[in-house]
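Hi there,

Here is the structure I promised to pass on to you. Please open it alongside this email, and then read on for what was found in it.

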Amino acid sequence: MLVIHCPYCGPRPELEFRHCGQAHIARPLDPSAQTADEWGEYLYLRENPKGMHAERWRHMHGCGRFFNALRDTTTDFFVTTYKCGEPRPAVSGTAPAGGQR
Amino acid sequence: MSEWFAKSAAQAALTDVPEGRRWVLRGGDAALAAAGAAFGASLPAQAGGVARVAGTPRAALWLGPDEIWLGTSMDDGAALEAALQTGLAAHAHSLVDISHRNVALELSGTHAAWLLNSLCPLELTLEAFPVDTVTRTLFSKAEIVLWRTGEHSFQIVLGRSFRGYVSGLLAEVSRELAAA
Amino acid sequence: MSQNTCRTAAGGRIDRSRLVNFTFDGKAFTGHVGDTLASALLANGVHLVGRSFKYHRPRGLLAAGVEEPNALVAVVRDTARRTPNLRATQVELYEGLVAESQNRWPSLQFDVGAVNDLLSPLFPAGFYYKTFMWPRKAWHQVFEPVVREAAGLGKPPTEPDPDTYAQRFAHCDVLVVGAGPAGIAAALAASAKGASVLLCDEQPEFGGSLLDEPNAQVNDHPAAEWLKASLATLRGRANVTLLSRTTCFGYFAHNMLSLNERLTEHQATPMTGVPRERLWQVRAKEVVLATGAIERPLVFPGNDRPGVMLASAARTFLNRYGVKVGSRVVLVAGCDAAYLAAFELRAAGVKIERIADIRPAPGEAVHAAALSAGIAVSTGVTVLGTFGWLRVTGITLAHLADDGSVQDRETLDCDAVLMSGGYTPTVHLFSQSRGKLRFDEAQQVFVPGNSVERERSAGACCGTDGLRATLEEGSQAGTSAAEAAGKAGSAEGYHVQLLEGSMVGTPGVLPQPGNIPPSKAFVDFQNDVTSKDLALAMREGFESVEHIKRYTTNGMATDQGKTSNMNSLGFVSAEKGVALPKAGLTTFRMPYTPITFGIFAGYDRGDLFDPVRPTPTHAWAVANGAVFEDVGLWKRSRYFPRAGENMHAAVDRECLAVRNSVGLFDASTLGKIEVVGPDAATFLNRLYVNNFNTLAEGKCRYGILTREDGFVYDDGVIARLAEDRFHVTTTTGGAPRVLHMMEDYLQTEWPDLQVWLTSTTEQWSVIAVQGPKAREVIAPLVNGLDVSNAALPHMSMVRGMLGDIPMLLMRVSFTGELGYEINVPAGHGQRAWEMVWAAGLAYGMTPYGTETMHVLRAEKGYVIVGQETDGTVTPDDAGLGWAVAKSKPDFVGKRSLARPALVAKGRKQLVGLLTAEPKTVLEEGAQIAAVPEQPVPMKLIGHVTSSYHSAVLGRSIALALVADGRALMGQTVYIPMPGGAIAAQVVAPVFYDTEGAKLHV
């Protein structure tokens, strides 16, 4: 069970959290202007990178807030977490051993 | 017998907290500030914070950055509700009465934290979870709001239909204390 | 007791003043308090304790600890408390213990399955893969049942487990795993200045290898005294928790370690109220692994006969339990440390027939000590075989010349053979933590390399040799762990007096004449894998050690290869002619030792398996004979049978009562969300398919929520309480996910909206009063509130008082009849219900449950999300297209509703079905065909979603999703069933009061 750093509550047990898919996929402001392909991509196409991945999480059984996280899919470990609306932090390479503490 | 128990006499008690009034206040900073004025104390701004109004049964619990629970006794309920409505009138906010949504249990005794840690994953030492810290968390499969009211006492606020489940689990866990 | 013929006169840590009676395979024995089952059996001269897995060969004790592969026994308290597959070396003796051997029939001494041993040429590596390939059917009918009967380890209990199991989360600064010298030194150092320390050990007594060292002096005191004083110090520190009989079996991310504490297993009569075992989930800031090392067997022909065992085991049995494992002993040594067994046994009066060292040059110190003790030592020898069936009786030694020819062959009589191939550091937990192992060339073992977690290893588990180095390394590890956890520690130096031998040996298989791998030289004792099997696997092309492992099953038994992995690697690398680390390494996984299911179930059993959520009127429903059903976690009344009624009769009666008079229903489980703020209407408009700008205060609207993909997600009535306040209801099961979805859009897509959400599901108790007499029932209760059709028409709401209880009164109907839903604060729910009940008695008011609710709504064609929909149904598919506000520029799912696939012809549409035979009730989920007689696979055009007997219509009705169903009105379709196809006519999905007149009375 990982320790996840909620940007609002600090480090908390993974049990309290819920994973909510890939981060930084904004809903198009005018969906009706989207072609079928564009809309299909928004709905269904997601990345599956080996390495750093930006994800949405929610502190479901804590403060209830959604937030974003960078996680290294090769180690499972979080590198950093940040509030919704903030840009994806520039982190290169792989997560340090053990990830965010 | 595990050596874990040998250290102190085992004891804990679970009781119902008398009915009171409780609201969820959600809103922006201005609304929360205005509500604090009506409430009688600045509302907690730090994660897990609790604000009390000295000499009254009023307590404000931080449950999220825009979610504060306000509670008081039945007797003080109407007065507080009126004050809040007046104080908040000029600010966009949501004030919802949840007095009947939840029930509260008081768990007290030297082994209160020990009982909770059977199925609650949080660290509950006084250093990590001081008196007047509150948070939503889990107790086994039930979501609870856990509020440390004293060194050896906690309020467990939970959905009213979960009362039997949570108190049943605590009773089951405490059988071991009775045997010790 | 005279039975204990193999007991020493004195010594050991058993309580010789207290006898313990026990039975093994029905035969009575005695041992002492402090014995294990293994030591007590040996004290009675019993070596034969099990039969091997594949060949049913007689097996004795190989080891004295957790690594024991052979002596698996069942301990039986009663029919429900029968624990199979326990290692006899870890079963603590208690008065009256009943133990049974396993994997033999009819008896341990005479096992019919041992014929497998004679047939062993027929059971080579990969036997299962090769033998049962043909004919295909024979696997299920012949081979599998026979193999299943013959194979397997132990028998499970036949009754439910009556014991309780506990669980616990814990946090500490430093978790120390293993309470041998390194672990105790680490715990002392870490706790000295205040770090909270948890020290666990799988054994009943702390001390680890120190318990086997009678001659060691630590800091000028006998080791036993140092141990006693150190444990007293630790016990005296409030910041230290000591857990004995506690196995750390799993190492997970971020220093979460799982411990299995056994609380009552060792008690003759388990303490009442105390759980049998406990699962600890410990989050440690820092971890010290002090898990020790395990001695490797040597691999030579006949190395599995009872009486052939590890040298370290003989030391443990002697020093801890006062048991001599034989009277005439040959020691086959592959490392210096093994010599101590010979010295100590000799001192106890055992004749050492020979120390046969497989190395040409033993360490000088131990060699000299052996010679001065008068023990004959041969060097550079190999073992050609052993004799004996139920107990070893002799051993053949020889030298091999460079050309593989045999020289100096000699056979020695003996009743025990001790062997030692060196020690393997116990790196299981380190490896589980995803730390990288490093191969130590000098020691020929894998040791911890780079850490991933915040941990460090100390002592023999990282290849450290010698007691002094082990103690000091432990102390250093404890100090650095405390400091890393933000607390001070205090390392100590130690001085030690002890004759010691190095634990370094060479993994692999002893050389044999002609370099042919012998067939009965066992590498994996528990899975009966020999060096010949490994060689065969390699000849057949299995290169990777991972593949060899799976093909031969080497290391795949319940002991996870604790004694076999390194020898297997040594053999494979030698055969391939590569360095050992190049052969690869299999992965260690949790659990370190087998774990009972009980600790994972923990408190989650019986009534506490899941939360049971009663509604506010639960007590009334119980008192009035309700039959309940589980809906999600809720306990809901399903129907209220009267004497002699079955469900069908009760539901018919309840349905007719609602249609003809009035019924009472608890709808409290409906999800409720209060949506408040200046942008509340905007928010709901963006989410729901309906238009909420046009919903006036005091009015209700049926809302449909689709996901972004356009498929129906939830539905419910939404009431506008005020300009900026809506009362949104959801399905019973959908409440949490709808709130989650709303919060998602609000927090991440539209954070600019000024609107907030609060779950009020449990704030309100909802009492549904439904039926033509509903108004007459409630009118006298509402303190003069005008509830006439004019003042409170269908789909409107008003606040008021029900007696003295504040209420939110909604005129809504899920039955098609005049209906009200009275919302009262949940704490008043039962009292309000009883008020309505009393008022309704005059009208024959009938309580009804979810089953009747389902029939009534189906008669009206009202869908249930999750029953008529399945995540692939659009509002239009469900016949709800009328609710979609197409003029809105956007709502969640709108764009998707225009996707080609969602507007294509052939989509399944909701229709009604009337069977040709009115009494026939279709099965829900049954498939629908246009043509009854077709070859399989048939072309199917839909399925039945709901199906009931309708009392008011006097016939069956069904709802179905059928491709282009609305174009098939009046046509006949067929529902193929085992008894033949059932014909049904496609009709509109509203069966009763099609104009809806009854809603508006």
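Chain B and chain C meet through 43 residues of chain B and 53 residues of chain C. This is a predicted model, so please read every value below as computed from it. Together, chain B and chain C bury about 4,000 Å², and 56% of that area lies on carbon and sulfur atoms. Four salt bridges are found across the interface of chain B and chain C. One to look up is the pair Glu176(B) and Arg278(C), whose side chains come to 2.4 Å, N to O. Polar contacts between chain B and chain C come to 15 residue pairs, both residues being at pLDDT 80 or more.

Which elements of chain B each supply at least two residues of the side that touches chain C? They are strand E2 (20–27), strand E6 (93–97) and helix H4 (163–179). H4(B) gives the most to that side, with eight residues. Sorted by class, the side of chain B that touches chain C has 18 nonpolar, 13 polar and 12 charged residues.

Next, chain A and chain C. Here the contact draws on 33 residues from chain A and 28 residues from chain C. The area buried between chain A and chain C is about 2,600 Å², with 52% of it on carbon and sulfur atoms. Three salt bridges are counted between these two chains. In one of the salt bridges, Arg27(A) pairs with Asp890(C), and the closest N and O atoms are 2.8 Å apart. Between chain A and chain C there are also 15 residue pairs in polar contact, again with both residues at pLDDT 80 or more.

On the chain A side, strand E3 (18–22), helix H1 (36–44) and strand E4 (52–58) give two or more residues to the contact with chain C. The largest share, six residues, comes from H1(A). The side of chain A that touches chain C is made up of 18 nonpolar, eight polar and seven charged residues.

Now for chain B on its own. Its secondary structure comes to four helices and 10 strands. Along the principal axes, the C-alpha atoms of chain B fill a box of roughly 60 × 30 × 30 Å.

The domain assignment divides chain B into domain 1 (3–16 + 101–179) and domain 2 (20–97). The contact between them takes 12 residues from domain 1 of chain B and 12 residues from domain 2 of chain B. The centres of these two domains, taken over C-alpha atoms, are 25 Å apart. Domain 1 and domain 2 of chain B bury about 1,000 Å² between them, 57% of it on carbon and sulfur atoms. Of the area that domain 1 of chain B buries against domain 2 of chain B, 48% is supplied by Val134(B), Arg136(B) and Trp147(B), more than by any other three residues.

How many salt bridges are counted between domain 1 of chain B and domain 2 of chain B? The count is two. Arg52(B) forms a salt bridge with Asp132(B), and their closest N and O atoms are 2.8 Å apart. Three residue pairs, with both residues at pLDDT 80 or more, are in polar contact between the two domains of chain B. On the side of domain 1 of chain B that touches domain 2 of chain B, strands E7 (102–108), E8 (134–139) and E9 (142–150) each supply at least two residues. By class, that side has five nonpolar, four polar and three charged residues.

Finally, some backbone details in chain C. The peptide bond from Met590(C) to Pro591(C) is cis, with omega near 0°, and Pro591(C) is found in the loop between helix H14 (565–576) and helix H15 (597–601). Another cis peptide bond joins Val936(C) and Pro937(C); Pro937(C) lies in the loop between strand E47 (927–929) and strand E48 (940–950). His254(C) is not a glycine, yet has a positive phi of about 55°.

Best wishes, and enjoy exploring!

Methods:
Residues numbered from 1 in each chain as written. Chains lettered and ligands numbered in written order. Predicted model: local features only at pLDDT ≥ 70, side-chain atom pairs only at ≥ 80, totals over all residues. Heavy atoms only, no water. Domains from an automatic or database assignment. Contact = heavy atoms within 4.5 Å. Buried area = accessible area lost by both parts, 1.4 Å probe. Polar contact = N/O pair within 3.5 Å; in protein donor to acceptor, adjacent residues only side chain to side chain. Nonpolar A, V, L, I, M, F, W, Y, C, P; charged D, E, K, R; others polar.
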